[in-house]
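Here are some notes for a colleague who is opening this structure for the first time. Please read them alongside the model.

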Amino acid sequence: MIMQTRTSGNPQAAPANGASGALPRGMRVFERGWLSANNVLLVDGDDTVLIDSGYLSHAAQTVALVESALQGRPLRRLINTHLHSDHCGGNAALQRRWQPQTWIPAGDADAVVRWDTDALTYGPTGQQCERFTSDALLHDGQALRLGGLDWQVIAAPGHDPHAVMLYAPEAGTLISGDALWQNGFGVIFPELEGESGFAEQQAVLERIATLDVRLVIPGHGAVFTDVAEALERAAGRLAYLRADPKRNALHAMRVLLKFKLLEQRQMRRDAMLAWMESATLIETVRTGALGGISRPALLDDVMAALVRAGAARLEQDLLLNQD
Ligand SMILES: [Zn+2]
């Protein structure tokens with residue numbers, strides 16, 4: 001599996017009841033796709049909370065979705081599972097609209113205050129995020145009352161060293177961010193820069209297995225209930241990546257280029273090569289884990305894989321996104 005290719009043309013609320021399992025009362029999930037992470041809205045009377053806000057280019061759509069669901073109520077709180085651009089790209093727009101109290105993982109606090117786009121990964125990945133501010137921090141083990149339910153904050157390093165998940169034991173519900181999807185998990189970014197991430201991801205999967213999780217709301221893709229099977233798939237995938245770190249590196253390159261194509265819809269080959277040069281994480285991986293492969297050769301390799309997977313197509317020197 002290279003990646004799943006669902007995109008966010010038609011965001012939709014997951015059904016409150018149905019094959020994907022019943023959501024706790026007062027909760028709605030806006031399933032957005034891959035450029036924008038899913039958004040979870042929790043409403044309990046005047047208490048209104050949004051978890052994750054999508055990518056910058058979808059920010060107006062995010063505000064509109066939330067506004068329509070809130071039916072005149074203001075958004076009181078905004079929470080981010082982690083600060084990748086596809087999870088917090090709507091923060092600034094939501095802050096302009098409602099000034100929600102904004103909670104972010106504690107590990108990102110300084111980077112947000114300084115708006116350090118290297119630490120926040122927007123520079124190195126060649127992605128965009130509008131500057132926002134934070135009001136409160138999320139710590140491992142913290143208890144939160146959201147949408148009439150008690151939630152625990154659980155640290156989820158691996159994909160992102162500072163990421164957290166939210167777990168509601170009563171409802172058996174886990175908001176997993178990019179730590180667990182129905183089919184896998186997000187790129188293990190720390191390993192790309194020679195830092196540990198596989199072991200952390202393994203521990204996160206093991207931690208989830210100890211919880212009474214009956215419903216997972218992932219950062220991307222549909223809500224799911226086959227938790228044991230998802231954990232098994234994720235463990236298999238992790239073992240596969242871990243056996244040869246070059247696999248994680250190549251997968252990351254495919255994910256980052258696909259993300260760029262999702263954002264731009266189409267790009268000239270020259271523009272993509274220039275963007276690759278500017279994205280320092282891609283350069284780090286290209287010159288490091290990928291043994292100094294030339295930029296054009298890397299682009300050809302990634303495009304071939306995306307085309308094979310039906311995630312892109314080529315028209316002479318034009319690279320086109322394909323959903
Ligand atoms: Zn992420």
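1. Asp300 and Arg269 form a salt bridge in this predicted model, with 2.7 Å between the closest N and O atoms. The partners sit 31 residues apart in the chain, Asp300 in helix α12 (residues 295–308) and Arg269 in helix α10 (residues 269–278). Asp300 is partly exposed at 41% relative accessibility, and Arg269 is partly exposed at 24%.

2. Asp317 pairs with Arg268 in another salt bridge, the closest N and O atoms being 2.8 Å apart. This pair also links distant parts of the chain: Arg268 belongs to strand β13 (residues 266–268), while Asp317 lies 49 residues away in the loop between β14 (312–315) and β15 (318–321). Relative accessibility is 36% for Asp317 and 46% for Arg268.

3. Arg313 and Glu315 meet through their side chains in a salt bridge of 2.6 Å, N to O. Salt bridges also join Glu277, Glu283, Arg286 and Arg295 in a network. The count of salt bridges comes to 15.

4. The domain assignment gives domain 1 (2–242) and domain 2 (246–321). Their C-alpha centres are 25 Å apart, and each domain brings 25 residues to the contact.

5. How many salt bridges does the rule find across the interface of domain 1 and domain 2? It finds 0, but there are 9 residue pairs in polar contact across this interface. The side of domain 1 that touches domain 2 has 13 nonpolar, 8 polar and 4 charged residues.

6. About 2300 Å² is buried between domain 1 and domain 2, with 69% of it on carbon and sulfur atoms.

Technical notes
Residues are numbered from 1 along each chain as its sequence is written. This is a predicted model: local features need pLDDT of at least 70, side-chain atom pairs count only at pLDDT 80 or more; totals for chains, interfaces and linings use all residues. Side-chain values use heavy atoms; hydrogens and water are left out. Domain bounds come from an automatic or database domain assignment. Contact means heavy atoms within 4.5 Å. Buried area is the accessible area (1.4 Å probe) that two parts lose on being put together, summed over both. A salt bridge is a side-chain nitrogen of Lys or Arg within 4 Å of a carboxyl oxygen of Asp or Glu. A polar contact is a pair of N or O atoms within 3.5 Å; within protein, one must be able to donate a hydrogen and the other to accept it, and residues adjacent in sequence count only if both atoms are side-chain atoms. Ala, Val, Leu, Ile, Met, Phe, Trp, Tyr, Cys and Pro count as nonpolar, Asp, Glu, Lys and Arg as charged, and the others, Gly among them, as polar. Helices (H or I, at least four residues) and strands (E, at least two) are DSSP runs, numbered from the N terminus. Buried means under 20% relative accessible area, exposed over 50%, partly exposed in between (1.4 Å probe, protein chains only).
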